[in-house]
Amino acid sequence: MSAAEPVPTIGLEVHMHLKTRTKMFCGCKVEYDVRPNSNVCPVCLGMPGVLPVMNGKALELAVRMALALGCTLPGLAKWDRKHYYYPDLPKNYQISEYDQPLGVKGCLDIETSQGPRRIGIIRVHLEEDAGKLMHAEGGGNYSVVDLNRTGTPLLEIVSEPDVHGAEEARVYAETLRQLAVYLGVGDCNMQLGQMRCEPNISLCIGADAQGKPRYTPISEIKNLNSFRSVERAVTFEIARHREEYEADPAGYTLEKQGKSTRGWRDDEGVSFLQRSKEEAHDYRYFPEPDLVPFVPDRQWVEEIRRTIPDLPEIRRRRLINDAGLSEYDAGVLTADRLIADYHEALAEYVRDAKMAANWMMQDVMQILNERKIAISEFPLTPQAFGDLVNLVASAVINRNTAREVVLPRMLATGKSAGEIVKEEGLAQTSDESAIEAIVDQVLATNAKIAEDYKGGKKAAFGRLMGESMKASSGKANPQVVKAILARKLGG
Amino acid sequence: MAVTDLTACEIRKAIAERRLSAVEATEGCLRAIGRLDPKIKAFLSTDPDGGRRRAAEIDRRLAAGENVGLLAGIPVAVKDNMCTADGQPTTCASRILGGWRAPYDAHVVERLKAEGAVIVGKTNLDEFAMGSSTENSAYGATRNPWDLGRVPGGSSGGSAAAVAARLVPIALGSDTGGSIRQPAALCGVVGMKPTYGRVSRYGLVAFASSLDQIGPFGRTVADAALLLRATAGHDPRDSTSVREPVPDYLEGLEEPVRPLRIGVPREFFSAGIDPEVESVVREALAVYERLGAALVPITLPHSTDYSIATYYIVATSEASSNLARYDGVHYGYRSSDHTDMIDMYMRSRAQGFGDEVKRRIMLGTYALSSGYYDAYYKKALAVRRLIRRDFEQAFAKVDCIMGPTSPTPAFHVGERTADPLAMYLSDVYTVSANLAAIAGISIPCGFTAGGLPIGLQIITDVFTEGRLLRIARMYERETGWTKRAPPIVEDAA
């Protein structure tokens with residue numbers, strides 16, 4: 001009966017901290033690596049009598065991510081309390097969203113080594129994070145708790161079980177991270193715990209008599225905090241499921257064993273059982289009476305939608321397919337949203353995406369690297385820089401002058417390219433008779449080199465070219481110089 | 001005439017005219033508390049030094065010509081489920097909060113301070129406001145000033161008794177299912193539950209979040225109006241508080257509401273009502289008729305048959321969640337004999353909570369459990385909507401609804417403690433206003449032959465507190481009930 005190869009069937013739950021200045025329900029700052037319990041107040045400590053007040057920015061960022069994932073925003077989202085006792089959760093309930101999340105039915109396109117894949121998104125919802133419990137070192141019989149993280153806005157994104165392998169799981173998580181960073185929704189620094197992945201793994205093991213698919217029991221791996229561990233844990237689990245299933249094909253099934261929760265030991269590369277189905281929590285969800293339901297205002301949602309930039313993957317493909325950029329250039333120019341925005345504005349101004357890309361790659365990126373600055377700190381607007389590009393495109397100055405003379409002066413003085421060219425008299429000439437006179441003089445004083453060229457030494461042409469440009473103080477149009485030189489040398 | 005015989009409005013006027021100082025008013029209250037409270041036990045804690053300091057500061061500011069606020073120099077008591085910083089305890093009458101000090105002031109406490117009130121102490125209640133007799137207090141029962149062998153009602157029994165015994169002119173209570181109105185009726189004072197959302201709940205220790213509402217106690221309607229005005233209004237820290245302007249409830253208070261159609265629900269005079277209560281309340285309705293009001297028989301089909309059942313599912317469900325935080329980990333009582341973390345949770349809660357609180361946590365936990373949620377909690381919400389609709393339909397025909405506040409006058413201490421259901425029925429006429437989120441008031445309307453006060457309940461639609469107070473005042477002016485003091489006060493004088 002198990003003729004068909006079992007198909008890994010994986011859904012991921014990803015939690016990410018939203019990039020808000022303050023916590024979800026109070027004014028405490030969201031900060032990492034600060035003294036334990038320094039960013040706390042009665043509200044996030046769950047003191048008697050306190051009430052939550054929704055952070056509007058958290059809501060906006062959550063909606064932004066939901067829209068970017070193509071989710072539908074239902075007319076009403078509500079908040080619910082999820083109950084469980086643990087010392088890192090001061091109220092002993094977490095404010096979350098249970099049956100009416102703020103975003104449903106979206107998808108994320110990812111690029112794997114096997115080609116593009118589309119992963120469905122079941123839901124996106126907002127909840128509050130818990131604190132951190134640290135157990136005494138050396139076996140002391142106490143624990144300490146840091147509640148700085150308590151109440152940090154947390155976005156949970158639940159995928160459909162559309163992921164079919166370990167690499168896909170990793171790429172899905174990476175792509176989600178890239179998207180969140182790109183949108184300014186979260187920093188997703190996994191070392192800081194700003195993003196956590198929980199894959200739910202099962203194998204599809206054929207179908208029953210009615211044609212309904214059958215599965216191995218679902219195992220959920222909790223709190224993976226690196227992309228590498230996502231891939232390793234899923235690889236491990238797929239192999240473990242296979243072994244267990246082969247050992248007991250009748251018993252190792254979802255309907256018999258249900259779902260279990262497992263941890264991951266990264267150093268050993270193994271997962272371990274934390275909680276079986278029998279120990280499953282009853283969270284006693286019920287609507288949070290201290291918050292009013294969220295009814296998204298259509299105009300507000302449309303404003304958020306308008307500010308969502310093209311996603312990196314869409315931009316990258318457009319640069320390759322429409323503008324003819326190389327995969328490499330397109331990748332560099334879309335990796336950072338602000339660089340992509342700058343390039344887009346420049347391309348629009350000079351009306352040539354490829355030319356804009358060349359200037360970005362050769363000049364702008366180089367300056368950013370040399371000065372170790374971000375594009376946001378680059379002193380020239382795309383329009384100011386575009387004026388320089390246009391001066392070259394229309395042959396007013398040559399590429400070299402632009403790069404070596406005008407651009408450094410623009411950066412130093414803040415003057416426009418046009419002003420500098422005018423003040424310094426840098427405009428090149430295409431006047432053939434004037435250039436011919438210069439070329440004649442160069443050939444006369446460098447007769448030996450001209451002879452070398454005619455004798456077959458091709459490199460000598462470049463030297464004559466250089467001498468002619470120098471004699472014109474760089475102002476001669478190189479194309480014209482080249483044509484005249486070639487004619488004179490009988491080339 | 002003793003300063004404690006003055007109403008809050010009279011004290012306000014006397015202080016404004018410099019006939020009385022804030023210190024004198026505070027000293028008068030502290031003396032009365034010292035003399036009578038050992039018998040009544042209305043207060044869980046008093047703050048004589050803080051009160052005196054505050055009163056002296058008010059007097060200084062008044063002398064300097066400053067505008068000190070609506071309640072300048074008026075002594076006030078606060079139910080001990082509202083947080084007060086400054087080192088005074090906030091216990092909710094529970095062992096589990098023994099020793100805890102709130103690090104912040106509740107919104108209403110901030111308001112009282114901003115309006116110049118002098119908070120002299122915190123009053124007793126049923127633990128976490130769960131009860132109708134103020135017997136469920138870990139720190140002992142409060143007694144009814146009219147008869148020390150009887151309960152003052154609850155859960156705000158401490159505040160009601162303190163006002164009735166003239167220990168303070170005004171006090172704050174909280175009403176989740178009748179916890180202001182029922183003790184007001186049993187103690188012969190005015191007590192009002194405003195519309196849900198009228199007063200911020202920030203700093204009110206939650207019992208049932210969708211039902212809890214803070215409101216005023218006073219001996220007169222005007223005093224209740226004054227205290228409501230000082231505490232009502234939007235607070236951004238409470239998402240359920242409403243952005244409705246707060247009118248000056250004292251202005252126009254003397255103007256009768258005319259024409260006035262009074263809905264008299266059949267269900268409020270049904271089986272279980274004490275005959276003396278019924279006849280006294282019917283006499284009160286006759287007074288309104290004489291004043292030109294029309295009595296309109298109405299029906300609220302869901303409001304008595306189902307309101308207690310609905311209330312005890314909604315309130316206990318929310319309570320089971322709200323009280324989950326008391327676990328001995330971060331603050332409050334922690335057991336000392338536990339073996340591990342789970343054991344610490346269990347022992348701290350088992351030792352820290354009283355029986356009634358445990359009963360309600362268990363009921364609520366059960367109602368929210370997987371497999372029972374739809375049959376209990378969800379159904380209760382559906383019935384709650386029907387109850388709300390009963391009132392909407394009624395208010396299309398009448399301006400207010402009247403009936404008894406409580407089916408019986410004050411009962412004996414210990415009479416109902418062994419029978420939780422009998423105790424729950426004390427609130428049969430009051431819970432529906434909480435479920436419908438509307439406003440209600442109880443005013444004194446007479447006495448039993450044995451000298452126990454009886455309360456008239458008046459209910460109006462959302463955010464019509466101004467009209468509700470005027471309707472109450474019409475009756476108060478015609479009758480002298482609010483002037484009568486319990487014998488214990490007269491004996492002491």
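The buried residues of α11(A) are A:Thr401, A:Ala402, A:Val406, A:Leu407 and A:Met410. The model is a predicted one. An α-helix has 3.6 residues a turn, so residues three or four places apart point the same way.

The length of α11(A) was checked against its residue count. Helix α11 of chain A covers residues 399–413. At 1.5 Å a residue, its 15 residues should span 21 Å. The end C-alpha atoms are 20 Å apart, which agrees. The helix also carries a kink of about 35 degrees, located at A:Val406. After the helix comes A:Gly414, with a positive phi near 80 degrees.

Chain A also holds an open sheet of 3 strands, in the order β3-β2-β14. The pairing is antiparallel. Strands β3 (93–96) and β14 (286–287) are the edges, and each pairs on one side only. Strand β2 (residues 80–83) pairs with β3(A) over 4 bridges, in the antiparallel sense. Within this region, A:His83 stands opposite A:Tyr93 of β3(A). Strands of a sheet pair through backbone hydrogen bonds, either parallel or antiparallel.

Further along chain A, two helices pack against one another. These are α14 (residues 447–454) and α15 (residues 459–471), at an angle of about 145 degrees. Their axes are 8 Å apart. The contact involves A:Ile449, A:Ala450, A:Asp452 and A:Tyr453 of α14(A). From α15(A), A:Ala460, A:Phe461, A:Arg463 and A:Leu464 take part. The crossing of α14(A) past α15(A) is left-handed.

Between the chains, 32 residues of chain B are in contact with 24 residues of chain A. On the side of chain B that touches chain A, α9 (307–322) and α11 (355–368) of chain B each supply at least two residues. Of the elements on that side, α9(B) gives the most, with 3 residues.

Most residues other than glycine have a negative phi, and most peptide bonds are trans. Two cis bonds were examined in chain B. The peptide bond from B:Gly154 to B:Ser155 is cis, with omega near 10 degrees. B:Ser155 sits in the loop between β3 (118–123) and α5 (157–164) of chain B. B:Arg258 and B:Pro259 are likewise joined by a cis peptide bond, with omega about -5 degrees. The loop holding B:Pro259 runs between α7 (221–231) and β7 (261–265) of chain B.

Positive phi values were examined in each chain. Phi of A:Asp33 is near 55 degrees, although the residue is not glycine. A:Asp33 is placed in the loop between β1 (7–17) and α1 (56–68) of chain A. A:Asp33 counts as exposed because it has 6 C-beta neighbours inside 10 Å, and the cut-off for exposure is 12 or fewer. In chain B, phi of B:Phe128 is also positive, near 55 degrees. B:Phe128 lies in the loop between β3 and α5 of chain B. B:Phe128 counts as buried because 31 C-beta neighbours lie inside 10 Å, and burial requires 20 or more.

Key: Residues numbered from 1 in each chain as written. Chains lettered and ligands numbered in written order. Predicted model: local features only at pLDDT ≥ 70, side-chain atom pairs only at ≥ 80, totals over all residues. Expected span 1.5 Å × (residues − 1). Bend = angle between axes of the 7 residues up to and from the residue. Pairing = 2+ DSSP bridges. Axes fitted to C-alpha atoms, helices over the stretch in contact; angles between N-to-C directions. Left-handed = near helix turned anticlockwise from the far one by under 90°. Contact = placed C-beta atoms within 7 Å.
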